[in-house]
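Please walk through this structure from its overall layout to its ligand. Keep the model open as you read.

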Amino acid sequence: MGKPQRIGILTAGGDCPGINAAIRGVGKTAITKYGMEVIGFSSGFSGIINKEYEVLDEAKLSGILTLGGTILGTSREKPFKKNGNKGSDKPDRIKKHYKELGLDCLVCIGGNGTQKTAALLADEGLNVIGIPKTIDNDVFGTDFTFGFDSAVWIATEAIDRLHTTANSHKRIMVIELMGHTAGWLALYAGMAGGGDVILLPELGYDVQVVNRYLLDRAYKKKPYSIVVVAEGVEKPEEEPSAAGYVARMIEKGTRIETRTTILGYVQRGGSPSPMDRILATRFGTKAVDLIAQEKYGRMVNIVNNSTDSIPLNEVAGKLNLVPKKHSLINKARALDICMGDECHFS
Ligand code: F6P
């Protein structure tokens, strides 16, 4: 086999800021440093299943660094998911199209689901490289994913804005942040935004502990409180949202007027932060360096601020959750922030 000459790239799963910066990082490095040709599949794995793609030349890769979303489109297509009792023919279609298009490698930009699919495609014999992205920061094997820093900024700004309205009305404000089953976004934005209570799925919470803490703040003449809730915290199944449930329990238990904000998809939209642009670019160039070295079946990562890579089969099926003793949780406790499970009363 000669040097890799033609690579494909796709973006799958929920979008996030920084994907275009990663596409640009892959594309420009492949074209200018290694003289490769790059094609982009549309709408995640659907694009390679249906052979829908475009050539990404330098013109197409210009002016996209700062753009939110993904120029390729995305979907939550899972090609290995069984169709009832029948197996899926999608992995075979992917292999067929990979071969017909003369690809030397497929770069898969995505979160946990995408890395799992990438690992399965590697098991099927394709050359694959994964690039981790998500606002949830929950991909195993990397300290950070791009998208997370931008979402922390957006969520922090939202919390900042809640302080003034909460103060004016002397209310408790409950804000729900995304993160799927991980609490990274709530932890970071909660700390940066000065949340008084931060509830994470990893720690669990006791409403009575939270209420006692909030009543204690009121007793100390603190005019308002901000409660940051990760969307993945426990709630009764019939409850539509974690924050709505927590807010109701708080109002019932404290009799302090309480309002709810569910931040939603704005956390995923818009232009990436400078740190995400840089991380996505580092991941993109690293991915192509791996391809040039013909080191496949790996996901690029960042550990202790160094980019490296890890075998995809070590990543697949695992999650990066907030450790219960994470240093930021310890700092929060030192500041007397209530983490829902235990509080310090003076
Ligand atoms: O994984 C990113 C994320 O935004 C999660 O934080 C959230 O739970 C989920 O995606 C929402 O998914 P969808 O785009 O399918 O509504």
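This is a predicted model: local features need pLDDT of at least 70, side-chain atom pairs count only at pLDDT 80 or more; totals for chains, interfaces and linings use all residues.

Residues are numbered from 1 along each chain as its sequence is written, and side-chain values use heavy atoms, with hydrogens and water left out.

Start with the chain. Its domain assignment gives domain 1 (6-147 + 272-315) and domain 2 (151-268 + 324-334); such bounds come from an automatic or database assignment. The C-alpha centres of domain 1 and domain 2 lie 34 Å apart. Across the boundary, 12 residues of domain 1 are in contact (heavy atoms within 4.5 Å) with 11 residues of domain 2.

Now find the ligand. Which residues are around the ligand? They are Arg76, Thr134, Ile135, Asp136, Met178, Gly179, His180, Glu231, Tyr265 and Arg268, each with a heavy atom within 4 Å of it. Both domain 1 and domain 2 supply at least three residues of this shell. By class, the shell has three nonpolar, three polar and four charged residues; Tyr and Met count as nonpolar, and Gly as polar.

Next, look at the polar contacts (pairs of N or O atoms within 3.5 Å). A polar side-chain atom of Tyr265 lies 2.4 Å from a ligand oxygen. For Arg268, a side-chain N or O atom is 2.8 Å from an oxygen atom of the ligand. Gly179 uses its backbone: an N or O atom there lies 3.2 Å from a ligand oxygen. Taken alone, the ligand exposes 400 Å², and the protein buries 73% of that (Shrake-Rupley method, 1.4 Å probe).

Note on methods
A polar contact is a pair of N or O atoms within 3.5 Å; within protein, one must be able to donate a hydrogen and the other to accept it, and residues adjacent in sequence count only if both atoms are side-chain atoms.
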